[in-house]
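Morning, everyone. Let's take a quick tour of today's model. Have a look first, then I'll talk.

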Amino acid sequence: MSTAPLEEAVRAAAHRHRVRPLEALPWLAALAAYWFASDYLALGAQVLVMTLFALSLDLLLGFAGIVTLGHAVFFGIGAYAAGILAVRASGDPLLGLAFATAVSGAAGLLSGAVILRARGLTFLMLTLTILLMVAEAANKLAFLTGGADGLQGVSVDPVLGAYRFDLFGRTAYLYSLAVVFAGFLVVRTLIHAPFGRSLVGLRENAGRMEALGAPVRRRQVAAYAIAAALAGAAGAVNAQTTQFVALNVFSFELSGAVLTMLILGGAGRLYRAFVGAPLYMIAQDWLARLDPTYWFFWIGALLIVVVMFARGGVLGLASTLLSRGRERATP
Amino acid sequence: MMDVALSILFHGLASAMVLYIIAVGLSVTLGLMGFVNLAHAAFAMAGGYAAIWATTRLGLPFVPAVMLGVALVALASIPLERFLYARLYGASELDQVLLTIGLIFVATAIARFFFGPAPQSLTLPPVLQGQLEIGSRSFPTYRFAIIATGFALFGLLWLGVERTAFGARLRAAVDNVRIAQSVGIRTDHLFTVAFALGSGLAALGGALGSEFLPIRPAYAAEQLNYVLIVVAIGGLGTLFGPFLAALLLGLSDTAVRYLAPELGVFFIYLAIIVLLLWRPAGLLGRA
């Protein structure tokens, strides 16, 4: 009898892992966009890249509870790694993707192992300082990175030797979609595995996890490295599909933007990247077209409003409305 | 060689004083309210713009223009504190970070709207434009004034915190907010006043420093890092910590710009990372 709660918990965990029909929605939407919004495929690929980037941050922020101001550093490292490989050695996109993922993952492992001992303001400072340090290095190593002019001449071979990156961005879109899907599978599997559950434990109460004997620091470093690798993959896809890398990948603004995307998405961990990133990118595209210089005002205002008044973001709003509807349906 | 050392010392001191004036307010409010205010440099930017506006549009002389800028920013910060910041005291670090990143974005866009993208500096009064000689070397008079102002402010702040009733209440609240409340200190008033003072000081630093840190819309994001470095290395809730940290940062930053302009900034960042790992609570912080 005493095992009943445990069994129930195991069943609940297994249930959580089961694929629900609603989960197909973002992917169906992405495929629908491919057919029906074919004029916007370049923007679509950008949206997908940012979705993966936001998803990688969600693993840190939503699951491990680690707040960082420097997540853009891994996006940038991945972008430069893929770009430099394409310029210097091989234009194979999958090789570039694997290389960039490995390099940024290693950077995440190394920096995470060093800085995750710090807390609070000091940790925030360290993430920001590393971002600025790497930006400075990329600026000064102009022979490798192109410096302030950006990395030019990134030419990418056809995917699997067959699908050329075309002018209309079809291949770029589908390639980005495939990488995002792979990244999503990785994150989804991880968070339902014991590893992901222990991250949630860390987020909720690190002290208790330590008392339970969980290797707190090691788990955090692992999450940091995996998130870094995924951010690097996003950066790599960005470099390959736009065939250009500029220093602004290492900007505070990009770190802030990706945080904003997650917060816009709101309460639904794991899925909010799929709501927030498209929303942010489309809003940015629209606002920038209305007013190319001041659109950041609206992004900032939106961020303030969401933090102050709509903490659940779009998904939170949706689920509130849903549950209200249900209450009305079953009196 | 001596000349270079003297130059580094002089210009390093001037930049350290500006850093100190900008950052000290954040150190106090962070120590007091535990609020991670990433938008602090935006107040410095606002002070710079307000002073520039007062000289160019109102035709005010240098000192009244700076004072008006400081007063405007301090006043404007009060409703911000009451209606935005105060609601997030005790909220998660993430919420505070997000709110203040939002404020940076908004401040940047507003600055660009009203003042354009070009960097601007305050016009110095004729008295401060010349050079002063020390031995065989001459240095800009204005930077002497900055150094003097920095030391004077440090002294004033020390007196204010250590020797006045307000300072005593402030120290009590930094040590323990609940106990301070329970002995009858109105901590919400205290927070507002401290926040306004800190914002006003940031505005003063922004205006005085515009000679070598020109005011432009990106200022709020770019200077954020230097401000945070001073606060994090100095340690929270102390007056001397940020002073020491600003001296270290100002002097070493100036030194590498003279001696190793190529990779200098990179090594500064590296040194900061090492220092923060060695003393996570800052040089003089309470763990």
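**Helix, contact, patch, terminus**

Start with helix α4 of chain A, residues 72-88. This helix has 17 residues. From its first C-alpha to its last, α4 reaches 24 Å, close to the 24 Å expected at 1.5 Å a residue. Keep in mind that this is a predicted model. Is α4(A) mostly covered or mostly open? Mostly covered: 15 of its 17 residues are buried.

Next, a single residue. A:Thr129 sits in helix α6 of chain A, residues 120-140. Its relative accessible area is 0%, so A:Thr129 counts as buried, the cut-off being under 20%. Which residues does A:Thr129 contact, leaving aside its neighbours within four places in sequence? The list is B:Asn225, B:Tyr269, B:Ile272 and B:Ile273.

Now the surface. A:Leu31, A:Trp35, A:Phe36 and A:Leu174 form a nonpolar patch there. Together they have about 510 Å² of accessible area. Which helix gives the most to the patch? Helix α2 of chain A, residues 25-36, with three residues. A:Trp35 is located in that helix, α2 of chain A. With a relative accessible area of 61%, A:Trp35 is exposed, because the cut-off is over 50%.

Last stop, chain B. B:Met1 lies in the segment before α1, and α1 covers 2-33. B:Met1 has a relative accessible area of 78%, so this residue is exposed too, by the cut-off of over 50%. How far apart are B:Met1 and B:Phe243? In sequence, 242 residues. In space, 27 Å, C-alpha to C-alpha.

That's the tour. Over to you.

Key. Residues are numbered from 1 along each chain as its sequence is written. Chains are lettered from A and ligands numbered from 1 in the order in which they are written. This is a predicted model: local features need pLDDT of at least 70, side-chain atom pairs count only at pLDDT 80 or more; totals for chains, interfaces and linings use all residues. Side-chain values use heavy atoms; hydrogens and water are left out. Patches are made of residues with over 30% relative accessible area and no salt bridge: like charges are joined within 9 Å, nonpolar side chains (Val, Leu, Ile, Met, Phe, Trp, Tyr) within 5 Å. Accessible areas come from the Shrake-Rupley method with a 1.4 Å probe; for residues, only the protein chains shown count as cover. A salt bridge is a side-chain nitrogen of Lys or Arg within 4 Å of a carboxyl oxygen of Asp or Glu. Helices (H or I, at least four residues) and strands (E, at least two) are DSSP runs, numbered from the N terminus. Buried means under 20% relative accessible area, exposed over 50%, partly exposed in between (1.4 Å probe, protein chains only). The expected span of a helix is 1.5 Å times one less than its number of residues. Contact means heavy atoms within 4.5 Å.
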